[in-house]
Amino acid sequence: MKVVGTILGWQLVVTVAAAALWLTLQGVHGALAALVGGGIATAGGWVYAHKMAQSTTEPAAMMSAHFRAEAYKLAITIALFACAFGLYREISPLPVFLTYVATLLVYWAALLIRSEEHTSELQSH
């Protein structure tokens, strides 16, 4: 779970940095929109990690848990986007979506780095 905490921490850093940027570009509404976008991505990642942490190590069960966790992640993401745009009428879509994507890129970058580290370890043996 240390890796999950690290990824979620970096997602938070990206979210706050984006909010600071959007504050200068669009003011308070832009900053809040960036916080919403980053928060949605981070929340989805947390839900996925939480569900996977409850799974077993048996391969078939892990695969099933993965699909369930992805379904939960998708559901929470859709619900949070619906709430954001339904409840916050002044929300600026561009900072929401750009920060959402930037925050997701942290997750994918972490996977690529971990995969590269794992490959290097295997090649050195």
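Me: Where does Val28 sit?
Reply: In this predicted model, Val28 is placed in helix H2.

Me: Is Val28 buried or exposed?
Reply: Val28 counts as exposed, because its relative accessibility is 56% and the cut-off for exposed is over 50%.

Me: Which residues form the nonpolar patch on the surface?
Reply: Val28 is one of them; the others in the patch are Leu12, Val16, Leu23, Leu32 and Leu35. Together these residues have about 530 Å² of accessible area.

Me: Staying with H1, where does Thr15 stand, buried or exposed?
Reply: Thr15 belongs to helix H1 and is buried, with a relative accessible area of 4%.

Me: What does the side chain of Thr15 reach?
Reply: The side chain of Thr15 reaches the backbone oxygen of Gln11, at 2.8 Å.

Me: Back to H2. What about His50, how accessible is it?
Reply: His50 is in helix H2, which covers residues 28-53. The relative accessible area of His50 is 34%, so this residue is partly exposed.

Me: How far apart are the C-alpha atoms of His50 and Ala69?
Reply: They are separated by 8.2 Å, while the two residues are 19 residues apart along the chain. Ala69 is among the buried residues of H3.

Me: Which other residues of H3 are buried?
Reply: The list also holds Ala65, Lys73, Thr77, Phe81 and Ala84.

Me: What span should H3 have, and what does the model give?
Reply: Helix H3 runs over residues 59-87, which is 29 residues, and at 1.5 Å a residue it should span 42 Å. The end C-alpha atoms of H3 are 41 Å apart, which agrees with that expectation. The expected span is 1.5 Å times one less than the number of residues.

Me: What happens at the start of H3?
Reply: There, a side-chain oxygen of Glu58 comes to within 3.2 Å of the backbone nitrogen of Ala60.

Me: New topic: how many aromatic pairs does the structure hold?
Reply: The structure holds 5 aromatic pairs. One of them joins Phe81 and Phe97, with 5.3 Å centre to centre and 25° between the planes, and this pair is stacked.

Me: Which parts does the pair of Phe81 and Phe97 tie together?
Reply: Phe81 lies in helix H3 and Phe97 in helix H4, residues 93-124, so the pair ties together parts that are 16 residues apart in sequence.

Me: How accessible are Phe81 and Phe97?
Reply: Phe81 counts as buried because its relative accessibility is 14%. Phe97, at a relative accessible area of 40%, is partly exposed.

Me: Why is the pair of Tyr107 and Trp108 edge-to-face?
Reply: The ring centres of Tyr107 and Trp108 are 5.2 Å apart and their planes stand at 80°, so the pair is edge-to-face. The cut-off for that class is over 60 degrees.

Me: Which residues do ring pairs link into a cluster?
Reply: The cluster consists of Phe81, Phe85, Phe97 and Tyr100.

Me: Lastly, where is Tyr107, and how accessible is it?
Reply: Tyr107 lies in helix H4 and is partly exposed, with a relative accessible area of 21%. The C-alpha atoms of Tyr107 and Thr6 are separated by 9.9 Å, although these residues are 101 residues apart along the chain.

Note on methods
Residues are numbered from 1 along each chain as its sequence is written. This is a predicted model: local features need pLDDT of at least 70, side-chain atom pairs count only at pLDDT 80 or more; totals for chains, interfaces and linings use all residues. Side-chain values use heavy atoms; hydrogens and water are left out. Helices (H or I, at least four residues) and strands (E, at least two) are DSSP runs, numbered from the N terminus. Buried means under 20% relative accessible area, exposed over 50%, partly exposed in between (1.4 Å probe, protein chains only). Patches are made of residues with over 30% relative accessible area and no salt bridge: like charges are joined within 9 Å, nonpolar side chains (Val, Leu, Ile, Met, Phe, Trp, Tyr) within 5 Å. Accessible areas come from the Shrake-Rupley method with a 1.4 Å probe; for residues, only the protein chains shown count as cover. A salt bridge is a side-chain nitrogen of Lys or Arg within 4 Å of a carboxyl oxygen of Asp or Glu. A polar contact is a pair of N or O atoms within 3.5 Å; within protein, one must be able to donate a hydrogen and the other to accept it, and residues adjacent in sequence count only if both atoms are side-chain atoms. Rings of Phe, Tyr and Trp (its six-membered ring) pair if their centres lie within 6.5 Å; planes under 30 degrees apart count as stacked, over 60 as edge-to-face and the rest as tilted.
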